[in-house]
Amino acid sequence: MEVYSGSSGTLIEIACDDNNGDNLFSSVTIIGRTPGEVLLIRVWEFGDDLKGNFNICAWSSSSLGLQHNTFEGFTYYPNPVKDILKIKSSRAIDKVEVFNVLGQGIISIDLQNTIQNIDMSNVQVGVYFIIISIENQTNTIRVIKQ
C-alpha cells in the first residue's frame, strides 16, 4: 500500500508499507497533514494471484480522543507487538485498558506496579488503543499487533 499527496502527474509518495508476510495487513501512520487534504491510496497484491474486495480503515487520532500526554519515565515496547507488550513506568501504574478500533474493551488490568507485561498473544492482528492510568492521569497509546 502506498499513500500519495499532490495531483495527477505530480504525485509525491508520503508513506508505503508491505504486508510483511502471510495474513498480515499493510499499515501506515501519517502525521502532520493538512485537515481536508486529499490523499491518494494505491493498493496491490504482489503475486497477482489473489482477487477480491478489500477494506481500508482510516481515522484521525483527534476524532478518537487520543490524549497526547506523556508520562515522565514511561516506556512501552515492542511496537508492533507479537505476544507480550512490556510497559514500564517510574511511577506505579494504576490501570491498563486495551481497546480495539471499535472502542470495545478487550483487556483490563488493575495494578500498583511499575512494570506490566500485557499478554496480547491471543489478540487478533490489528491496531489497538491502550489507556494507561498513573496517579489520576491517563495516556493513550496506539499499538499494532502482528
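Student: Which strand holds the place of Gln-137?

Tutor: Gln-137 has its place in strand 8, and since we shall read several features around that residue, please keep in mind from the start that this is a predicted model. At a relative accessibility of 42%, Gln-137 counts as partly exposed, because that class covers the range between under 20% for buried and over 50% for exposed.

Student: What does Gln-137 touch beyond the residues up to four places away in sequence?

Tutor: With those neighbours not counted, Gln-137 touches Phe-71, Arg-91 and Ile-132. A separate reading is the distance to Asp-94, which is 43 residues away from Gln-137 in sequence, while the two C-alpha atoms are 9.6 Å apart in space.

Student: What is the order of the strands in the open sheet of 3 strands, and is their pairing parallel or antiparallel?

Tutor: As a general idea, strands of a sheet pair through backbone hydrogen bonds, either parallel or antiparallel. In this structure the open sheet of 3 strands has the order 2-1-3, and its pairing is antiparallel. Strand 2 (12-16) and strand 3 (40-42) stand at the edges with a single partner strand each, so one side of each is left without a neighbour in the sheet. On average, and with direction ignored, neighbouring strands of this sheet are turned by 30° against each other.

Student: Over how many bridges do strand 1 and strand 3 pair?

Tutor: Strand 1, residues 2-5, pairs with strand 3 over 3 bridges in the antiparallel sense. To see this at the level of residues, take Tyr-4, whose bridge partner in strand 3 is Leu-40.

Student: Which residues of the largest nonpolar core touch the most other members?

Tutor: The general idea is that, in soluble globular proteins, nonpolar side chains tend to be buried together. Here the largest nonpolar core has 19 residues, and those touching the most other members are Leu-85, Ile-87, Ile-118, Met-120, Ile-130 and Ile-132. The elements that give two or more residues to this core are strand 5 (84-100), strand 6 (105-119), strand 7 (126-134) and strand 8 (137-145), and strand 5 gives the most, with 5 residues.

Student: What is Leu-85 in contact with, leaving aside its neighbours within four places in sequence?

Tutor: The contacts of Leu-85 include Ile-118, Met-120, Ile-130 and Val-143, and among them are also Tyr-76, Tyr-77 and Pro-78.

Student: Where is Pro-78 found, and what kind of peptide bond joins Tyr-77 and Pro-78?

Tutor: Most residues other than glycine have a negative phi, and most peptide bonds are trans. Pro-78 is found in the loop between strand 4 (74-77) and strand 5, and a cis peptide bond with omega of about -10° joins Tyr-77 and Pro-78. Pro-80 lies in the loop between strand 4 and strand 5 as well, and a cis peptide bond joins Asn-79 and Pro-80, with omega at about 15°.

Student: Is phi of Asn-136 positive or negative?

Tutor: Phi of Asn-136 is near 65°, a positive value in a residue other than glycine, and Asn-136 lies in the loop between strand 7 and strand 8. Glu-135, found in the loop between strand 7 and strand 8, has a positive phi of about 45° although it is not a glycine. In accessibility, Asn-136 counts as exposed at 83%, whereas Glu-135 is partly exposed with a relative accessible area of 47%.

Student: How many aromatic pairs does the structure hold?

Tutor: The structure holds 1 aromatic pair. The rings of Phe-74 and Tyr-76 have their centres 6.0 Å apart and their planes at 40°, so the pair is tilted. Phe-74 counts as buried at 13% relative accessibility, whereas Tyr-76, with a relative accessible area of 29%, is partly exposed.

Note on methods. Residues are numbered from 1 along each chain as its sequence is written. This is a predicted model: local features need pLDDT of at least 70, side-chain atom pairs count only at pLDDT 80 or more; totals for chains, interfaces and linings use all residues. Side-chain values use heavy atoms; hydrogens and water are left out. Rings of Phe, Tyr and Trp (its six-membered ring) pair if their centres lie within 6.5 Å; planes under 30 degrees apart count as stacked, over 60 as edge-to-face and the rest as tilted. Buried means under 20% relative accessible area, exposed over 50%, partly exposed in between (1.4 Å probe, protein chains only). A nonpolar core is a set of buried Ala, Val, Leu, Ile, Met, Phe, Trp, Tyr and Cys residues joined through side-chain atoms within 4.5 Å. Helices (H or I, at least four residues) and strands (E, at least two) are DSSP runs, numbered from the N terminus. Contact means heavy atoms within 4.5 Å. Two strands pair if DSSP finds at least two bridges between them. Axes are lines fitted to C-alpha atoms, for helices over the stretch in contact, and angles run from 0 to 180 degrees between N-to-C directions.
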